[in-house]
Amino acid sequence: MHNQAHLYKKVASGQYQAGLNLIKHLQLSKNALVLDIGAGTGQLTYTMAQEILPHGQVVAIEPDQERISLAQQNSPKHINNIHWVIDDFLSFAKTTELSFDVAYSNYVFHWIKQQQLAVDAVYRLLKPGAKFGFCCVTGMPEVIKDISFATKNGHAIVKSLNFSFAEAWLSYFKNAGFRILQHYEVPDYVFADLDEVMQWWQATTHARFQVINLEQKQLSALQQKYSGKIHIYQKETLCFIAQK
Ligand SMILES: C[S@@+](CC[C@H](N)C(=O)[O-])C[C@H]1O[C@@H](n2cnc3c(N)ncnc32)[C@H](O)[C@@H]1O
């Protein structure tokens, strides 16, 4: 069986670069208590934890057991300031009594159905004046639609994502009480070829999309349409820093 968390870690470099950028914009202070929502395989969590050693701490929330296990196994030895939580964010938010100096979420909120509730929950968990670094996807690039719809369960996969336009996100943040401090653009994800896009999409969808479900005829048609490097996601990504 494929280990999707390993595959995800290998091919998610565009997202990683955007995540580093988001961390840079947050300018973490050394004693911060940071909430990482949807930590995935943890590389960005380590970066934040490293930046705030030895007094700061990161609480990393991730519902995928396989990803969080990989994150824990690969955590560099000297980084001892991450508290890993296997949970869905809204369920964590209901029970925690912590108050955070910073919240961070890189490419996660389009997987969450109850988006206003989730933004409200982040607001509630932050101290007054605290910042929230937010990046999410607002739509699906054509190549992702094409590869998804070429499989039988393509519609179900696409429906499992909850894309909202930038305007909707801005109103969720405003309704919650946030002020938007700074918007910024991210670079495109660049994939070497269609195969790499498909591997990434398989890992990202936790294997609901599977390359082996494509018939040879469909695969050939897709390869003809998409030859060479593929650049996606710049215009479908929304990133900003908000403040409570
Ligand atoms: C595209 S990955 C991003 C991971 C990491 N932030 C990064 O940039 O590498 C999205 C992650 O959000 C997690 N996720 C999905 N729904 C979530 C929820 N309701 N609460 C917390 N995390 C969630 C997924 O399991 C996945 O690992």
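Modeller: His-206 has a relative accessibility of 36%, so it counts as partly exposed; the model is a predicted one. His-206 is placed in the loop between H10 and H11. Its phi is near 55 degrees, which is positive although the residue is not glycine. Ala-207 lies in that loop between H10 and H11 too, and its phi, near 70 degrees, is likewise positive in a residue other than glycine. Most residues other than glycine have a negative phi. Ala-207 has a relative accessible area of 16%, and because the cut-off for buried is under 20%, Ala-207 is buried.

H10 and H11 lead on to H7. The buried residues of H7 pack against helix H10 (194–204) and helix H11 (216–225), and also against helix H8 (154–159) and strand S8 (230–232). H7 itself runs over residues 142–149, and Val-143, Ile-144, Ile-147 and Ser-148 are buried in it. These four cover an arc of only 130 degrees around the axis, so they sit on the same side of H7. An α-helix has 3.6 residues a turn, so residues three or four places apart point the same way.

The axes of H7 and H10 come within 11 Å and cross at roughly 70 degrees. At that angle H7 is roughly perpendicular to H10, because the range for that description is 65 to 115 degrees. From H7, the contact involves Val-143, Ile-144, Ile-147 and Ser-148; from H10, it involves Leu-194, Val-197, Met-198, Trp-200 and Trp-201. By class, the residues of this contact are eight nonpolar, one polar and no charged. The four residues that H7 brings to H10 are also the ones listed as buried in H7.

Two other helix pairs can be described in the same terms. Two packed helices are described by the angle between their axes and the distance between the axes.

Helix H6 (residues 115–125) and helix H9 (residues 166–176) have axes that come within 9 Å and cross at roughly 45 degrees. This makes H6 oblique to H9, and their crossing is right-handed. Gln-115, Gln-116, Val-119, Asp-120 and Tyr-123 are the H6 residues in contact, and they meet Trp-169, Ser-171, Tyr-172, Phe-173, Asn-175 and Ala-176 of H9. The contact of H6 with H9 is made up of six nonpolar, four polar and one charged residues.

For helix H2 (residues 13–26) and H3, the axes come within 10 Å and cross at roughly 25 degrees. H2 is therefore roughly parallel to H3, and the crossing is right-handed. Gln-15, Tyr-16, Gly-19, Leu-20 and Ile-23 of H2 meet Gln-43, Leu-44, Thr-47, Met-48 and Glu-51 of H3. Sorted by class, those residues are five nonpolar, four polar and one charged.

In H3, the buried residues are Leu-44, Thr-45, Tyr-46, Met-48 and Ala-49. Among the elements that cover them are H2, S1, S2, helix H4 (65–73), strand S3 (82–85) and strand S4 (100–106).

Gly-42 is in the loop between strand S1 (33–37) and helix H3 (43–51). Its relative accessibility is 0%, so Gly-42 counts as buried. With neighbours within four places in sequence left aside, Gly-42 is in contact with Ala-71 and Trp-84. Gly-42 and Arg-67 are 25 residues apart in sequence, and their C-alpha atoms are 8.0 Å apart.

Ile-37 lies in strand S1 and is buried, with a relative accessible area of 1%. Beyond its neighbours within four places in sequence, Ile-37 is in contact with Ile-61, Phe-89, Tyr-104, Ser-105, Val-108, Phe-109 and Val-122. Ile-37 and Ala-103 are 66 residues apart in sequence, with 7.5 Å between their C-alpha atoms.

The peptide bond from Leu-53 to Pro-54 is cis, with omega near -5 degrees, and Pro-54 lies in the loop between H3 and strand S2 (57–61).

How values were computed
Residues are numbered from 1 along each chain as its sequence is written. This is a predicted model: local features need pLDDT of at least 70, side-chain atom pairs count only at pLDDT 80 or more; totals for chains, interfaces and linings use all residues. Side-chain values use heavy atoms; hydrogens and water are left out. Buried means under 20% relative accessible area, exposed over 50%, partly exposed in between (1.4 Å probe, protein chains only). Helices (H or I, at least four residues) and strands (E, at least two) are DSSP runs, numbered from the N terminus. The arc is that of the directions from the helix axis to the C-beta atoms. Contact means heavy atoms within 4.5 Å. Axes are lines fitted to C-alpha atoms, for helices over the stretch in contact, and angles run from 0 to 180 degrees between N-to-C directions. Angles under 35 degrees count as roughly parallel, over 145 as roughly antiparallel, 65 to 115 as roughly perpendicular and the rest as oblique. A crossing is left-handed if the near helix is turned anticlockwise from the far one by less than a right angle, and right-handed if clockwise. Ala, Val, Leu, Ile, Met, Phe, Trp, Tyr, Cys and Pro count as nonpolar, Asp, Glu, Lys and Arg as charged, and the others, Gly among them, as polar.
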